[in-house]
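Keep the structure in view as you read.

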Amino acid sequence: MSRRISKEELKSKDAFLSFSERASAYLADWIGPIVFVAGAALFSALAVIGYNYFQDQREKQAAEEIFPLQAAVIEKRQALQEAAADKEDSIDWKDGVDFASEFSSLTQPLIEVLSRHPGRNSAIMSSMTLANLMAEFELWSEAKEVLSVHKTKTVSRKDPLAGLLMAQLAAIYANLSQWPQAVGLYEGLLNSKNASFLHPEVMLRLGLIFEQMGERQRSENMLHQLAAEYGETEAGRSARGYLRLMQLSRQPDPSLGSEG
């Protein structure tokens, strides 16, 4: 009888020594609290989207309202990071930081403005940035609310920004263990040609979600498909590493000896 891999085993350093460091690091990161689209991919995609989004006058008006408030939040985060860097015993800039006391006076006005501009590109970009900050403090429900403001406005959109928003929202659902919602959004992305740049990572995340749901066969099928179609990507290499772990989990433990 097969046994599911526990989170503790996945986090164990020894469990990954025989696989590529890239795959093991990726899997360890996913099992942890942050499961967002990689920062580099996010910002490169936003750079591609670029200047044309702000030519519309309504977009300009939204941006003029949003970005000064967003800048204040970013500056606060940077100041806290710099202060933490000056402390020799500091490991994480968030150590000892209370989100409510440090950020609420800045984020609440921003959230109010974002809610007045649902679906605007500047508002979506700002919401994703704010949701990432909330995710750093594991404020998943709050992050979901920030992104959900735009959900109905982006369902029919056919551009990379809508795909990024849906991917981030799906990741939040996964952290809340709201599996059907996460799966629905990820599968929608797989059916979108405009989100093709996200397909390898989406397939990996779906494979891991299916495993967490106890649907081992669906998980293996998705990871095998990923490895076959996108084998040279980081996600494809991670899929092969994870499939190897799943295979090892089905093998009997030699220390238990044979029965009978």
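This is a predicted model: local features need pLDDT of at least 70, side-chain atom pairs count only at pLDDT 80 or more; totals for chains, interfaces and linings use all residues.

The crossing of α4 over α5 is left-handed. On the α4 side, the contact is made by E65, I66, L69, Q70, A72, V73, K76, R77 and L80. From α5 come E102, F103, L106, T107, P109, L110, V113 and L114. Sorted by class, the residues of this contact are 11 nonpolar, 2 polar and 4 charged.

Now step back to the whole chain. Its secondary structure consists of 13 helices and 0 strands. Read from the N terminus, the elements run α-α-α-α-α-α-α-α-α-α-α-α-α. The chain has 260 residues, and 43% of them are buried. Take the contacts between residues at least 6 apart in sequence: 66% of these join residues at least 24 apart.

Helix α7 runs over residues 140–148. Which of its residues are buried? They are W140, A143, K144, V146 and L147. These residues lie on the same side of α7, because they cover an arc of only 160° around the axis. An α-helix has 3.6 residues a turn, so residues three or four places apart point the same way.

The phi angle of E138 is near 60°, a positive value in a residue that is not glycine. Is E138 buried, partly exposed or exposed? E138 counts as partly exposed, because its relative accessibility is 48%, and that class lies between 20% and 50%. The C-alpha atom of E138 is 9.9 Å from that of L176, although 38 residues separate E138 and L176 along the chain.

Next come α9 and α10. Helix α9 takes in residues 160–175, and helix α10 takes in residues 179–190. Their axes come within 8 Å and cross at roughly 155°. Therefore α9 and α10 are roughly antiparallel to each other. The crossing in which α9 passes α10 is left-handed. Helix α9 brings G163, M166, A167, L169, A170, A171, Y173 and A174 to the contact. Helix α10 brings W179, Q181, A182, L185, Y186 and L189. By class, 12 residues of this contact are nonpolar, 2 are polar and none is charged.

The loop between α9 and α10 contains S177. S177 is not glycine, yet its phi is positive, near 60°. S177 has a relative accessibility of 44%, so it counts as partly exposed.

Helix α11 covers residues 199–212, and helix α12 covers residues 216–229. The axes of α11 and α12 come within 7 Å and cross at roughly 160°. That angle makes α11 roughly antiparallel to α12. Their crossing is left-handed. In α11, the contact residues are P200, M203, L204, L206, G207, F210 and E211. In α12, they are R216, R218, S219, M222, L223, Q225, L226 and E229. The contact of α11 with α12 has 8 nonpolar, 3 polar and 4 charged residues.

The tour ends at A235. This residue belongs to helix α13, residues 234–249. Is A235 buried or exposed? A235 is buried, because its relative accessible area is 7%, under the 20% limit. Which residues does A235 contact, leaving aside neighbours within four places in sequence? They are P200, E201, L204 and L226. P200 and L204 also take part in the contact of α11 with α12, as does L226 from the α12 side. Finally, A235 and R205 are 30 residues apart in sequence, and their C-alpha atoms are 9.1 Å apart in space.

Key. Residues are numbered from 1 along each chain as its sequence is written. Side-chain values use heavy atoms; hydrogens and water are left out. Axes are lines fitted to C-alpha atoms, for helices over the stretch in contact, and angles run from 0 to 180 degrees between N-to-C directions. Helices (H or I, at least four residues) and strands (E, at least two) are DSSP runs, numbered from the N terminus. Angles under 35 degrees count as roughly parallel, over 145 as roughly antiparallel, 65 to 115 as roughly perpendicular and the rest as oblique. A crossing is left-handed if the near helix is turned anticlockwise from the far one by less than a right angle, and right-handed if clockwise. Contact means heavy atoms within 4.5 Å. Ala, Val, Leu, Ile, Met, Phe, Trp, Tyr, Cys and Pro count as nonpolar, Asp, Glu, Lys and Arg as charged, and the others, Gly among them, as polar. Buried means under 20% relative accessible area, exposed over 50%, partly exposed in between (1.4 Å probe, protein chains only). The arc is that of the directions from the helix axis to the C-beta atoms.
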